[in-house]
Amino acid sequence: MKTLSYGRQFIDGEDIDAVVAVLKGDWLTQGPSVKEFEERFAEYVGARRAVAFANGTAALHGAYFAAGVEAGDEVLTSAMTFAATGNAALYLGGTPVFADIDPATLCLDPDEAAKKVSGRTKVIAPVSYAGYPVDIEPFLRLAAECGAVVVEDACHALGAGRNGVRVGKEAHMTAFSFHPVKHITTGEGGMVTTDSDEFARRLLLFRTHGIEKDPQFMTEAPDGPWATEMQLLGFNYRLSELHAALGASQLRKLERFVLRRREIASMYDALFDEVGSLGTPPRHEGHSYHLYPVQFPAKMRAYAFEELGKLGIRGMVHYLPVPMHPYYRKRFGYLPGDFPHAEELYAREISLPVFYGLSDDDVRRVAEEVRRITGFA
Ligand SMILES: *Cc1c(COP(=O)(O)O)cnc(C)c1O
């Protein structure tokens, strides 16, 4: 019996050749592949600049830093996300502040977010959960009112679109991940896109120890052509040439990947249409379906998860709301019931397999088992 995971990478001969070519070349890090990947990525999402990072978490860390988050500042985000969206604020001495989701989109509810804005809100970080492109305008308005920067966590939403453009263009900065379950992979990798040269400069500095090499941006007259200046405390968050070459090669297949994910989602939608007890993901024409999250009746979820597992269908639950993790509860005193919609999603959700290499037969098999479990077929 074939095992199906909720997500998996697709690597072809071109990807392998691209990585091998780097291994045979002169540059293993900080060479032309990173630049090429960044330029093509920026072009794809329609942003002016893209800055590659070692992973999506580092990309979020860099974006919050570039936005000016310092000790005591707040980063307002969705309770329904991966821990990294909150953790990256903590790395900077900032405080993640969580708000509940809108059950109609499974993304941060702008009205709930507005209630959590304070004088220390430096970043508003909506998450395009599962690949549903969150409505960004209310957050841009809210940020304008309180002087914050909008950093969209689009680690689920590469290839998604809204308002006639791709995700990655409209927020002040947008963070992406290239973990193997995401739309394209570099093994580990991440990216921040922005239209702002000033944000891009701070992102680049942060990625390489805060060290400036361009005399034009030095604070003191260089003492020679070798001069470098460390201007702020950054990290080594660089992406290697091997990873970047893989990323550039994967990017060429992205449109195909997204179209196939949409096809799979619409097959599931149709097969679950009459199953009244099953909640299907909110629909949006620009959805890019990193995940296909279904909602069972809460009392049936554990049984469904185990039954599917026995059949080699390895779903996953996305997510325990970040503030409900023991670390966050202990540190910030969050209690069950603080985020009712996110907690309800956690109690009911299973992410079903959705990825480029999934066949129509696989989709039908998964759907058939889900229908059987719910008692519909
Ligand atoms: C994957 C992911 C991240 C982190 O990305 P990594 O590349 O694994 O560090 C952050 N936020 C969300 C919502 C993600 O899904």
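Colleague: Where does Tyr289 lie in the chain?

Modeller: Tyr289 lies in the loop between H9 and strand S15 (292-295). Helices are DSSP runs of H or I with at least four residues, strands are E runs of at least two, and both are numbered from the N terminus. This is a predicted model: local features need pLDDT of at least 70, side-chain atom pairs count only at pLDDT 80 or more, and totals for chains, interfaces and linings use all residues. Residues are numbered from 1 along each chain as its sequence is written, and side-chain values use heavy atoms, leaving out hydrogens and water.

Colleague: Why is Tyr289 called buried?

Modeller: Its relative accessible area is 6%. Buried means under 20%, exposed over 50%, and partly exposed in between (1.4 Å probe, protein chains only). So Tyr289 counts as buried. Its phi is near 50 degrees, a positive value in a residue other than glycine.

Colleague: What makes Asn163 partly exposed?

Modeller: Asn163 has 49% relative accessibility, so it falls in the partly exposed class. Asn163 is in the loop between strand S9 (161-162) and strand S10 (165-166). The phi of Asn163 is also positive, near 55 degrees.

Colleague: Which peptide bond is cis?

Modeller: The one joining His318 and Tyr319, with omega about -5 degrees. Tyr319 is in the loop between strand S16 (313-314) and helix H11 (326-332).

Colleague: What makes a polar contact between Lys253 and Asp12?

Modeller: Their side chains come to 3.0 Å. A polar contact is a pair of N or O atoms within 3.5 Å; within protein, one must be able to donate a hydrogen and the other to accept it, and residues adjacent in sequence count only if both atoms are side-chain atoms. So the pair qualifies. Lys253 is in the loop between helix H8 (241-251) and helix H9 (254-272). At 3% relative accessible area, Lys253 is buried.

Colleague: Which backbone nitrogens does the side chain of Ser196 reach?

Modeller: That of Phe199 at 2.9 Å, and that of Glu198 at 3.3 Å. Ser196 is in the loop between strand S12 (190-194) and helix H7 (197-207).

Colleague: How many residues surround the ligand, and which are the closest?

Modeller: There are 15, the closest being Gly56, Thr57, Asp153, Ser177 and Lys182.

Colleague: Which atoms lie by the ligand's oxygen atoms?

Modeller: A backbone N or O atom of Gly56 lies 2.7 Å from a ligand oxygen. For a polar side-chain atom of Ser177 the distance is 2.8 Å, and for a side-chain N or O atom of His156 it is 2.9 Å. The ligand taken alone exposes 380 Å², and the protein buries 91% of that. Such areas come from the Shrake-Rupley method with a 1.4 Å probe; for residues, only the protein chains shown count as cover.

Colleague: Which element gives the largest share of the shell around the ligand?

Modeller: H3, with three residues.

Notes. A residue is near a molecule or strand if one of its heavy atoms lies within 4 Å of it.
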